[in-house]
Amino acid sequence: MDQNSITPNTSNQQLVINGDNESATALLNEKQGRKRDSLRDVTFIEFMTVGILCYVNLINYMDRFTLAGVLGDVKDEFNIGDDYAGFLQTVFVIAYMVFAPIFGYLGDRYSRRRIMAFGVALWSLTTFVGSYIPDFAWFAVFRGLVGIGEASYSTIAPTIISDLFVGNVRSKMLALFYFAIPVGSGFGYIVGSAAGAAMGNWRYGLRVTPFLGALAVVLMLWVMENPERGQAEESRMKPTSYQEDLKSLIRNPSFMLSTLAFTCVAFVTGALAWWGPDFIRLGLTLQTGQEVSIEGVSLVFGALTMASGLVGVPLGAWLGAALIARWGRAHALLCAAGLLLSAPAMTLAIFLTDKHYYAPFVLMFFAELTLNLNWAIVADMSLYVVIPPRRSTAEAFQILISHMFGDAGSPYLVGVISENLKRSLSPFEEPSNSVKFRSLQYALFITCFVEVIGGIFFLLTAIYIVRDKLRVEREIAEAEAQSAEPSHSNAQENPGVE
């Protein structure tokens with residue numbers, strides 16, 4: 001490659017960075033457009049790889065929320081309250097977030113295919129074995145082991161997509177990948193409740209995804225493509241030390257602010273996903289005056305979650321792709337708008353659950369739809385403001401922060417608040433359904449305030465996003481130029497050699 005062909009582009013990018021000019025986004029899109037920025041150019045094996053990753057992500061979230069679909073039965077069998085029921089999810093998420101940095105470090109340096117296959121095999125095996133454990137303490141331990149397995153996959157999978165595609169194609173493929181999150185979560189509620197009801201035992205709901213996971217291991221080891229890091233961007237950048245990686249991420253305002261915003265998203269989704277079916281069940285019980293089964297509510301809640309994902313994730317990806325070409329800050333602002341629209345809708349849905357039958361479902365669908373706008377966009381932002389050999393570490397760091405301060409504690413926090421309110425509202429007797437509902441309702445209102453905080457963090461991200469994206473493009477170009485210099489110099493010294 002001719003070094004002179006790179007220098008003007010690098011200079012232009014530096015000029016734009018200094019001027020913070022959003023019109024540079026169009027320039028970058030044009031550059032990326034020359035690199036197979038069309039679905040027509042995607043090969044069969046690349047489509048197959050994305051399909052496998054989406055399949056695994058689907059069963060990943062199915063596995064994560066099958067337990068939530070039968071939470072009422074779990075509480076009855078183990079004779080636990082809301083606090084210990086929330087603790088089950090907290091144990092899972094703590095293990096997930098603690099091991100994410102380890103897998104992030106390994107994912108930037110060793111075979112990603114083997115690491116992911118190991119993780120899927122681990123979570124499938126521990127889920128299956130855990131379904132036979134009668135003791136609550138050991139059951140919680142195995143939920144933690146499931147989290148370790150899922151950490152290996154969730155940390156690495158998005159970086160493989162980023163190494164296969166650029167520009168709009170990358171955004172579309174990431175949208176497809178994250179599309180599996182709400183759909184898989186919905187399937188989790190449905191599979192957990194349906195399998196448990198069919199077999200008369202909630203534990204059978206946990207025995208479906210392990211068999212699907214075994215198929216995923218085979219597909220990843222023998223079918224999936226394993227691209228070089230930075231392949232799609234023709235990056236020749238080498239991994240740096242782990243300490244240098246962390247310092248760079250902490251000094252990256254777009255990455256840090258979007259991570260804090262996504263932490264708020266994780267807090268909200270974790271609490272609502274875990275407590276949503278049980279909360280709705282209590283509200284419907286108060287309306288009808290008859291006990292409503294958790295299995296039936298979980299089916300409806302799962303369908304609602306799936307529908308919001310089917311609409312919300314593609315809508316967010318489409319809006320992001322349409323707006324980013326004209327407006328460099330569009331991704332961050334779109335995520336902010338989604339959260340700030342979701343907050344009032346979720347507040348009304350929680351408030352009306354015991355008063356109206358249909359209105360809460362409609363409002364909750366709209367709240368989840370606007371919340372789902374950000375899934376693919378946040379992932380895309382986190383990848384394009386970080387250099388290729390640092391992206392697994394970045395994913396791991398984001399997982400650690402977002403889950404440590406997000407859904408690691410939110411199910412347990414809501415459960416603890418609910419239990420304390422029960423004791424306050426009904427100190428001398430068994431709490432009625434009305435007290436149980438009101439306690440959980442007040443506890444869930446905290447999620448609405450967190451959504452507003454997340455929207456503010458996304459607005460702050462918009463201030464820096466253009467500059468940080470251009471900086472990454474410049475660093476890739478400079479590394480490309482440096483790698484071309486030796487051959488360029490040799491050509492000058494030996495002009496007669498071809």
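Biologist: Over the ring of which residue does the charged end of Lys355 sit?

Modeller: This is a predicted model, where local features need pLDDT of at least 70, side-chain atom pairs count only at pLDDT 80 or more, and totals for chains, interfaces and linings use all residues. Residues are numbered from 1 along each chain as its sequence is written, and side-chain values use heavy atoms, leaving out hydrogens and water. A charge sits over a ring if NZ of Lys or CZ of Arg is within 6 Å of the ring centre and within 35 degrees of the ring normal. For Lys355, the charged end is 4.4 Å from the centre of the ring, and that ring belongs to Phe351.

Biologist: And which ring has the charged end of Arg207 over it?

Modeller: Here the distance to the ring centre is 3.9 Å. The ring is that of Tyr132.

Biologist: How are the rings of Tyr84 and Phe136 arranged: stacked, tilted or edge-to-face?

Modeller: Rings of Phe, Tyr and Trp (its six-membered ring) pair if their centres lie within 6.5 Å; planes under 30 degrees apart count as stacked, over 60 as edge-to-face and the rest as tilted. The centres of Tyr84 and Phe136 are 6.0 Å apart and their planes are at 85°, so this pair is edge-to-face.

Biologist: Which helices does that pair link?

Modeller: Helices are DSSP runs (H or I, at least four residues), numbered from the N terminus. The two residues are 52 apart in the chain, with Tyr84 in helix 5 (residues 82-107) and Phe136 in helix 7 (residues 136-164). So the pair joins distant parts of the chain, namely helix 5 and helix 7.

Biologist: Is Phe136 buried or exposed?

Modeller: Buried means under 20% relative accessible area, exposed over 50%, partly exposed in between (1.4 Å probe, protein chains only). Tyr84 has 46%, so it counts as partly exposed. Phe136 has 16%, and therefore counts as buried.
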